[in-house]
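Have a look at the coordinates first.

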Amino acid sequence: MTTGCHASKDTVMTPSVRLQEMIRVIRSARTQGEERGIIQKECADIRAQFRQGDNGERSHSLAKLLYVHMLGYPAHFGQMECVRLIASPRYSEKRIGYLGAMMLLDEKQDASLLITNSIKNDLSHSSQYVQSLALCTLACMGSAEMCRDLAPEIERLLRASNCYIKKKATLCAVHIIRKVPELAELFTPSARSLLSEKNHGVLHGAVVLITELCEHNPDTLDQFRKAVPELVQIMKGLVTSSYSPEHNVAGISDPFLQVRILRLLRILGHNNDTASDAMNDLLAQVATNTDSSKTAGSAVLYETVLTIMDINSESGLRVLAVNILGRFLLNNDRNIRYISMTSLQKIVQTDHNAVQRHRGTIVDCLKDQDTSVKRRALELSLALVSAVNIRSMMKELLIFLSTCPPELRSQTTSGIFNVAERYSPSKRWHIDTILHVLTTAGGDVRDETVPNLIQLITTASELHCYTVHKLYRALVKEISQQPLVQVACWCIGEYGDLLLKGECEEIEPVQVTEDDVLDALETVLQSHMSSPATRGFALTATMKLSTRITDNVDRIRSIVSIYGSCIDLELQQRAVEYNALFKKYDHMRAAVLERMPVMGKNSPGHTNGDTSGENKEPDPSKPKPVEAGLLSEPASQVCDLLDLLGGTDTPLQPNPAPTSTPTTTSSTDLLDLLGGLEPTPVLTETVYEKNGLRLKIQCDKQTETEVMVTLIGSNSAQNDITNFSLQAAVPKSVQLQMKAPSGNVIPAHGLGQVTQTVVLNNPNKVSLKIRIRVSYSNQGVMHQDTVQIDSFPSPACQPQSALCDTYTSSASP
Amino acid sequence: MTMHFLLLFSRQGKLRLQKWFLPLPERERKKIVKDMTTMVLSRKPRTCNFLHWKDLKIVYKRYASLYFCCALENKDNELLALEILHRYVELLDKYFGSVCELDIIFNFEKAYFILDEFLMGGEIQETSKQSIAKSVEASDMLQETMEEYMSKPAF
């Protein structure tokens, strides 16, 4: 039974006419249902064909089945047919059979084992195209078992065959090693000799194989380091060769092979000086001579940059690499700009200054249309902010925030807060910036923003007047941004008296009456836009004003009593308690609602037991352990207070924990209790002290191979220290990463400090020493000193945190 | 250039070719195809050709009505992947003569045969266009010769 169609001359290579007819019919189906019907019929035909056995139709039927499979229909009944066709002596049947095996069989099916024998036979077939089918299929879906079985065959083909088969056998070997790593040693001997092949296909395969062997076994990697000169030669040949039409892509000779070699060189040169030195010249040559006007050249340059950054290259070469990335940033091709930023992100910590040079271009990329590019530009921009450029960078970041896509907003706000915290030039700037963010993107900020901002505001006591005025104005304008409204309410409650006084140096004075203020708060209370937490803030603020205003106390009384019957339980409870404060405990109202003291910095991990670690507190004699809940639950505080006040009438400061009376003592007592616990839970050591400058080293983290320390400079002299900078040197095998310093001016009288984090990577676990050169100016005189540190303070976290834990657990309510 | 998979699909999301270089169950393959088509087809014009998906890099490029989409590992070179996709298109173009989507639909098995001469196990096996073209041609001739020998038509 023949098909009845004879292929015409020009379709002699695609004689599958009936297959094409079936495809045509399927495509002409107008509905999904119609298509399903046609497919069902065809599948029935195919099944019948399979059952009939060898009639010259089988390969045709399998081809049809494979098409049906690609449309998404089940085709597992064709699996055995694949096995049969692979065993056929006819090439056309083998060809489609192997294709079917690759599409329908995977190593998890039992049928795949059945083809192992056919593959074995075909590997030694007289026709290289049959061998090729077997090799391809093995590399595509060979299971571990099949690989073990056929590995010796593959190794033989690797050594003794023509180029066509050799290149395929090499990649087959790669697959085998990935599946059965122990077989790697079988291929290691022949791999090296393959590098002397001239055929690019084989050479490429050889490089892939060697890469795979090196990645699997560090000893093999050592061995192959000896091949670096050979690889360098091959690369040189490619880079300097004259035009070869066979391998040329946009002026680059075989970019695929070049990239692969560069990648292997990267692995071989990593952490090894000898190998890195041997490839230095080559990398410089490739970096300088490769034409990057088309993607092929850019791909090679990109790989070169990656290699330079990952081996022990000379600093000149590293600068060259960063400059290439900088050039990429200006490229018209968006892909190349994206690649550049991803790479710059990886090196912004280690080569900070080099990347800083391209800051302008990076900031421009914030305006790119593509969100992925924007995201990269944002991450890089945040990493490049320093004390020197904070003002201009923040301008750009805030502009970006107002127009950025919604999926990037919370990342942007977090980033802005982080850099503002680290590098604010002044408290007022800091507060203004946070307010700006809250006005623009209040819905996308972290939860801790509100308490953090409040804490910041309390510490800036000279700005209370300014802050409350500014917040009042923002509140009057609109009340939809919850975090902003919450902070505004809190401030008005706290500093309402300053608001009403009307005079403020930094802002145009505006007359604000008591009614105005209460109106604003009541609007918040009544608005449907206000969340329950916000309304809590507003109610408490209203209550606090009762001791800060003079005329409208009755109005406050009535507001508070109304909310005594509010449906919201939280509000109701507060209102009832405030009512009680008005009635039964009126004599205490003033004391309870007194101005809050300055709060210590409160990070999420700390509870009220831990003292605030920051030196920002201007009033260290009155630290109050702050509970995160303090701000939003003054009501429960009052409750506890009332409980406590069963008998005494000593005015107590607002204190969250009834059992924490010991915490009302000063911080020094606290320290005694904890047996010498420093405010910061890690050990610091002074390493240099002169001219009022004191340099301390603090160990933040220590593992076997990595140490992270912070160098802290403080100044007890009468004058500011300027041009403060640190340089460091470490033993040869240790890698040093100095992060950007927090600034270069240390204010006098201990009013501020400069910190710089240093990461030391010590893979060989040598004894760590660091030599630090300190340079600074004091009263116009330049000083420079060197200090060597031979031992590092160990982070004493472990034992002391145990103390912390026991302490806090007893203190928490 | 350890490629995990290579997909070709139309602008309507119809799959035209799927090459998997890793063993994955059928169910998971279907899910990945769906994810890829959704992700790539929703990309706006004038955006870059690289995406992140799980822990892989996805590189895609549109040629006329077909999207070529491949998945790479994190250490791979995306720019080179673009060159690989382009090379495959050139190979198809040479074989079919001004290739279009219909050629690939009606001769899908040929598209696979060509791909199998270019990539193997997720890696490039031959970097010379002429070499690949010659091999495919020779295999096609082999098909014919064998058929003539067996004196039975192939399809």
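Are Phe9(B) and Tyr67(B) buried or exposed? Both Phe9(B) and Tyr67(B) are buried, where buried means under 20% relative accessible area, exposed over 50% and partly exposed in between, with a 1.4 Å probe and protein chains only.

Before going further, please note that this is a predicted model, in which local features need pLDDT of at least 70 and side-chain atom pairs count only at pLDDT 80 or more, while totals for chains, interfaces and linings use all residues. Residues are numbered from 1 along each chain as its sequence is written, chains are lettered from A and ligands numbered from 1 in the order in which they are written, and side-chain values use heavy atoms, without hydrogens and water.

**Aromatic pairs**

Over all chains, the structure holds ten aromatic pairs. Rings of Phe, Tyr and Trp (its six-membered ring) pair if their centres lie within 6.5 Å; planes under 30 degrees apart count as stacked, over 60 as edge-to-face and the rest as tilted. Two of these pairs are set out here.

| Pair | Centre to centre | Angle between planes | Type |
|---|---|---|---|
| Phe9(B) and Tyr67(B) | 5.8 Å | 20 degrees | stacked |
| Tyr95(B) and Phe96(B) | 5.0 Å | 85 degrees | edge-to-face |

Helices (H or I, at least four residues) and strands (E, at least two) are DSSP runs, numbered from the N terminus. In the other pair, Tyr95(B) is partly exposed at 23% relative accessible area, whereas Phe96(B) is buried at 18%. Ring pairs also join Tyr63(B), Phe68(B) and Tyr88(B) into a cluster.

**Positive phi**

Which backbone angles deserve a look? Asn723(A), in strand E6 (residues 721-729) of chain A, has a positive phi near 50 degrees although it is not a glycine. Its relative accessibility of 46% makes Asn723(A) partly exposed. Arg46(B), also not a glycine, has a positive phi of about 60 degrees. Arg46(B) lies in the loop between helix H1 (26-41) and strand E3 (50-53) of chain B, and is exposed at 61% relative accessibility.

**Cysteines**

With a disulfide taken as a pair of cysteine sulfur atoms within 2.5 Å, the count over all chains is zero. For Cys147(A), the nearest cysteine sulfur is that of Cys172(A), 7.2 Å away. Cys147(A) is buried at 0% relative accessibility, and Cys214(A) is buried at 3%.
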